[in-house]
Amino acid sequence: MSSPPSHRRFPGSLLHSLKLRWISLWRAVLHWWVRATVLPEDLDELRIGSGAPVFFVLDTYAFTSLLILEQICREHGWRRPADAFREGELDLPRAYGASRRYRGFFVRRPQRRRHSAMVEQLLEAVRDGRVENVRIVPVTVLIGRAPDKEQSIAKILFSENWDVGGRIRRFLTTLVNGRATFVQFGNPVSLRDLVAEQQGAEKDLRRVSRLLRVHFKRVRTAAIGPDRSHRRTLVDRVVHSDSVRHAVAAKARRDKIEIYQAEAQAKKYAREIAADYSYSFIRICELLLSWFWNRIYRGIQVFHFSKFREAQQGHEIVYVPCHRSHIDYMLLSFILYRRGFVPPHIAAGINLNMPVVGKLLRFGGAFYLRRSFRAQPLYSAVFNEYVRTIIDKGVALEYFVEGTRSRTGRSLPPRAGMLSITVRAFLRDRKRPVMFQPVYIGYERLAEGSSYISELSGSHKKSESLSDFRNVINIVRKNYGQVQVSFGEPVRLNPLLEEYAPDWAEQPPEPQSKPEWLVPLVNDLAQRIIVNINGATHCNPVNLLAAALLATRKQALDEEDLEAMIGLYQRLIRMTAYSERITITDLTPGQVIEYGLELGIIQRQQHSLGDIIHVDQKNAVLLTYFRNNISHLLAMPAWIACCFLNNQRVRKTRVRRLTETIYPFLKKELFLPWAPEEVPVVIQRCTDALVRLGLLGMTNEYLQRTPGGSDQTYYLRLLGNAMLQTFERYYITIAVLAKNGSGKLSRQRLEKLCIQSAQRISMLHEFDAPEFSDRTLFKQFIESLQEIEVLDRNEEGNLTFDRRLEVFARDAKLVLDKEVRHTIIQITPRVRDSDHE
């Protein structure tokens, strides 16, 4: 829709009067169709209708934008923008201007100008005293930005973006998306205050123009995302950067090839990596995913988003969620988009760059990286420069610090590669402070559950392929309960830099520099992120059912006992104060059981003495995943309960000493948040909670459980059983070492023997919990023994130990009964001398 020709006439002229009537007519027509969401919600706080006169400045001039502004002003009783601006000795034909204007009817090109002529006249009038003051109010009008209103492909294709559209496109955009219009009023800018600083006419004009440009860019970026350069342009920029050019020259010398050949390889790498973000594709995905989520989930619960919204202002955001499923990145992008944030660029493994699918994922913001590229300096330079470039453009990032999906439900040890690249990119440019946003994602059922169990049972991981998408048909036929997404405490990079390198801000950026403090800083950053992910855990009904039922020998409980255990877990988690961002289901214990029955993960068997709730073998194995989601929440009280599995009473001092001994291993395995010096306070808090719940009694020197046969003793034993397999795994490691002797096993050999022993014990004696023989958990425990110097290496690279290992074995008697210890000692192998490495 085009605007009528502009005439510079006095307000009283006939043409001006006709123009106002023409605008009023079109405003009434447009109002019949357009519905605008206006921000801020309380416009009175801007005081547009009172005080100094107001002059509106549109982001980009369009006749429809003017009509929408006219209607809003009419509804609030403000001066019409199209009316004359007459204040003091100043007489202008209208009360609005535009930061950008375009010329041309079909092909629209921006007018070449540095400033708005109307704003320049207003500044001159205020400076000359012809008018006391004028307030400039920036106004952004975006048609088609309300994602929750978009319900058709046509609305998506004609939604707002950064491209320059012609009059016909603007007309179609208004016709299709008029009821999803977004209007943002900015804070008024006082020209009198600007002039009072006496910086000169030219500087005042440049300053107000810059303020308007920055404001409009921020509003548009927040609403529809940053202006992403064309992929080809971005690739060229990366390849011609100084760091990549140096890497190209080095490759040419190393491989004895021509520069143009090395540059062609760099371009190939850049094209392999780069995303190809599409606004239209994002909107289409939002439409499809909305249907998909409604089909397979009962709802998506989001926690602590308002805290994130407040914290993220003024920061470059890096989303670092836990990785439990391929659904993770789609879910997080969907949630962000629905709440007015632009979906981030997501680091994806090159294995997902499949035909067709890889291209579509690029449209959604995926950029690809190889699993390892330490031995590929040119690829490394290209990838590092690409990440630096998109961060420089203000694009939010997302990646999984665990590196791969967790098959056990526990948080995995972080891989610091992407974190290091991000930190170094910031140190090169330092434009905006970086904030890492941990995100916990919890499920009640997993689409990949069966494949996870298969992999943990020894099957090889199946590579992703197009045939996997046939599983979508099976997925949409099932109900997967609810999903919980919780935003954890953010980790800000600047305070961490101050801690490790107080003078970092004074040091000049050096692209190839790797200061000594970088590695420990990145490792600390990675640990904090995982800890804060755990600190945002939501304890859902399936987590509670899994924790209670899997603590029993046959994965079955009397229904009343199950209700009691679920209620006990709920109260215990609240009382032990793991983190202020921990949330727990609002369902009562009885409702939790009914919910589990409805999902089909548990069964009820009726009995004359009371109904039994149980889990079949297949579901029991799957439920270990959901038990492990909350194992860190129950770890400390469960450990204290373990101390009473074989003892009626224990001295407080002994509980404290044993806890301080075992805590480093639990901290490493479960990413617990407390420093060693905080452990006594944590012990006291957990002990007090167990006493208040009636599970323990306390005297001056002793803690003691109630006499055997009571409900409290039974519940205490079930609580302790939640951690029992962890301590059995530790004892397996110690038993293998002790049986083979100091200096006889390499670390790799020890890990293999521990895994084999755990698998055999599971087959013969234990419930087959997949993580019981997980290599990662044995590896972490062995690393912890090395860190506290219980284990060392000899010249041959084998592990050595001293009598302190016997102390660990002796302490195990408190937790593990004689039969368990005997079984482990019998099963653990002694390797013949000829088999030692």
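This is a predicted model: local features need pLDDT of at least 70, side-chain atom pairs count only at pLDDT 80 or more; totals for chains, interfaces and linings use all residues.
In which sense, left-handed or right-handed, does H28 pass H31? The crossing is left-handed.

Two packed helices are described by the angle between their axes and the distance between the axes. For H28 and helix H31 (residues 804-815), the axes come within 10 Å. They cross at roughly 145°.

Which residues meet at this crossing? From H28 come Leu 724, Phe 727, Tyr 731, Ile 734, Leu 737 and Ala 738. From H31 come Leu 805, Phe 808, Ala 809, Ala 812 and Val 815.

Setting aside residues up to four places away in sequence, Phe 727 touches Trp 639, Cys 642, Ile 662, Leu 666, Val 815 and Leu 816.

## The nonpolar cores

In soluble globular proteins, nonpolar side chains tend to be buried together. Here, the largest nonpolar core has 196 residues. Phe 727 is among those with the most contacts inside it, along with Phe 367, Phe 383, Tyr 399 and Phe 436. Helix H28 (residues 711-740) gives the most to this core: 14 residues. There is also a second, separate core of 28 residues. Leu 30, Val 54, Tyr 96 and Val 183 are included in that one.

## A leucine in helix H26

Leu 658 is found in helix H26. Is Leu 658 buried or exposed? Its relative accessibility is 3%, so Leu 658 counts as buried. Leaving aside neighbours within four places in sequence, Leu 658 is in contact with Trp 639, Asp 811 and Leu 814. Trp 639 is also touched by Phe 727. Leu 658 and Leu 814 are 156 residues apart along the chain, yet their C-alpha atoms are separated by 9.6 Å.

## Salt bridges

Side chains of opposite charge can pair when their charged atoms come close. How many salt bridges does the structure hold? The count is 39. Three of these pairs are set out below.

| Pair | N to O distance |
|---|---|
| Arg 432 and Glu 316 | 3.8 Å |
| Glu 385 and Arg 388 | 2.8 Å |
| Arg 729 and Glu 669 | 2.6 Å |

Take Arg 432 and Glu 316. Arg 432 lies in the loop between helix H16 (417-429) and strand S16 (434-443), and Glu 316 lies in strand S12 (residues 316-321), so the pair ties together parts that are 116 residues apart in sequence. Arg 432 has 39% relative accessibility and therefore counts as partly exposed. Glu 316 is buried, at 5% relative accessible area.

Glu 385 and Arg 388 make a local pair. Both lie in helix H15 (residues 377-392). They are three residues apart, about one turn of the helix. The cut-off for buried is under 20% relative accessible area.

Arg 729 and Glu 669 bring us back to H28. Arg 729 is in helix H28, while Glu 669 is in helix H26 (residues 652-670). The pair links distant parts of the chain, 60 residues apart. Both Arg 729 and Glu 669 are buried. Elsewhere, salt bridges that share partners build one network from Lys 668, Arg 747, Glu 751, Arg 775, Glu 783 and Glu 787.

Most residues other than glycine have a negative phi. Which residues here have a positive one? Arg 47 is one of them, with phi near 55°. Arg 47 sits in the loop between strand S1 (36-39) and strand S2 (54-60). Gln 555 is another, with phi near 50°. Gln 555 sits in the loop between helix H21 (541-549) and strand S20 (556-558). At 7% relative accessibility, Gln 555 is buried.

## The whole chain

Now step back. The chain has 32 helices and 29 strands. Of its 837 residues, 54% are buried. The chain exposes about 38,700 Å². Carbon and sulfur atoms supply 50% of that area.

How values were computed. Residues are numbered from 1 along each chain as its sequence is written. Side-chain values use heavy atoms; hydrogens and water are left out. Helices (H or I, at least four residues) and strands (E, at least two) are DSSP runs, numbered from the N terminus. Buried means under 20% relative accessible area, exposed over 50%, partly exposed in between (1.4 Å probe, protein chains only). A nonpolar core is a set of buried Ala, Val, Leu, Ile, Met, Phe, Trp, Tyr and Cys residues joined through side-chain atoms within 4.5 Å. Contact means heavy atoms within 4.5 Å. A salt bridge is a side-chain nitrogen of Lys or Arg within 4 Å of a carboxyl oxygen of Asp or Glu. Accessible areas come from the Shrake-Rupley method with a 1.4 Å probe; for residues, only the protein chains shown count as cover. Axes are lines fitted to C-alpha atoms, for helices over the stretch in contact, and angles run from 0 to 180 degrees between N-to-C directions. A crossing is left-handed if the near helix is turned anticlockwise from the far one by less than a right angle, and right-handed if clockwise.
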